[in-house]
Amino acid sequence: LAKTTQPISMDSYEGQEVNITCSHNNIATNDYITWYQQFPSQGPRFIIQGYKTKVTNEVASLFIPADRKSSTLSLPRVSLSDTAVYYCLVGDPLAGKLIFGQGTTLQVKP
Amino acid sequence: NAGVMQNPRHLVRRRGQEARLRCSPMKGHSHVYWYRQLPEEGLKFMVYLQKENIIDESGMPKERFSAEFPKEGPSILRIQQVVRGDSAAYFCASSPQGAVYNEQFFGPGTRLTVL
């Protein structure tokens with residue numbers, strides 16, 4: 001299983017764009033990159049998933065370079081409610097189980 | 001469409017008692033996953049079930065823990081003879097049958113406290 005490395009914590013201010021980078025040097029051909037968000041005392045929530053290049057939805061964008069050894073989650077114009085832990089996961093989508101790392105704790109300040 | 005439901009939300013047990021955690025997946029979902037989250041840590045996979053079958057239990061402790069997902073009714077995670085180290089948040093997730101993408105819908109969790 002590909003191991004992921006992401007910053008433990010990040011601070012930002014309301015209205016800024018936040019980019020969280022995840023390293024996954026050993027990503028396999030069948031692996032997808034998935035990001036989840038977890039608020040305190042809640043279960044994680046799926047944000048976005050991609051395989052290569054760029055994926056965008058109503059919540060975030062995911063940038064994946066050609067070598068796929070890293071990925072960047074981009075949150076446009078964050079608000080206080082975006083304060084949460086963000087997990088980068090790499091794995092075969094048909095494998096079933098999700099492998100969570102420590103995640104990145106994002107603190108958005110007013 | 002109701003989301004994943006877990007009950008109870010909070011459970012207090014004394015050492016040596018049994019804990020039963022229930023998970024009702026989203027309507028139409030036949031895949032259920034259980035995860036455990038210790039304080040200040042990420043979620044750890046425990047077990048993956050489909051109706052009446054355990055698909056992957058590689059994350060389950062060998063003793064005292066068991067899980068089932070019967071044909072009718074919720075999935076149950078059972079912890080026998082609980083110890084203080086079992087205190088954690090237990091999350092259940094579900095996904096549709098044959099889901100191509102690794103998108104799991106999580107419930108609110110059950111917070112188990114062992115006294």
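How many disulfides does the rule of cysteine sulfur atoms within 2.5 Å give over all chains? The count comes to two disulfides over all chains.

The structure is a predicted model, in which local features need pLDDT of at least 70, side-chain atom pairs count only at pLDDT 80 or more, and totals for chains, interfaces and linings use all residues. Residues are numbered from 1 along each chain as its sequence is written, chains are lettered from A and ligands numbered from 1 in the order in which they are written, and side-chain values use heavy atoms, with hydrogens and water left out.

A disulfide is a covalent bond between the sulfur atoms of two cysteines. The computed geometry is tabulated below.

| Disulfide | S-S distance | Angle about the S-S bond |
|---|---|---|
| Cys22(A) and Cys88(A) | 2.2 Å | -80° |
| Cys23(B) and Cys92(B) | 1.7 Å | -50° |

In chain A, the link of Cys22(A) and Cys88(A) is left-handed. This pair links distant parts of the chain, 66 residues apart: Cys22(A) is in strand β2 (residues 18–23) and Cys88(A) in strand β8 (residues 84–91). Strands are DSSP runs of E with at least two residues, numbered from the N terminus. Cys22(A) is buried at a relative accessible area of 0%, where buried means under 20% (1.4 Å probe, protein chains only). Cys88(A) also counts as buried, with 0% relative accessibility.

In chain B, the link of Cys23(B) and Cys92(B) is left-handed. Cys23(B) is buried, its relative accessible area being 0%, and Cys92(B) is buried at 0% relative accessibility.

Technical notes: Disulfide = S-S within 2.5 Å. Helix = DSSP H or I, 4+ residues; strand = E, 2+ residues; numbered from the N terminus. Buried < 20%, exposed > 50% of the residue type's maximum accessible area, 1.4 Å probe, protein only.
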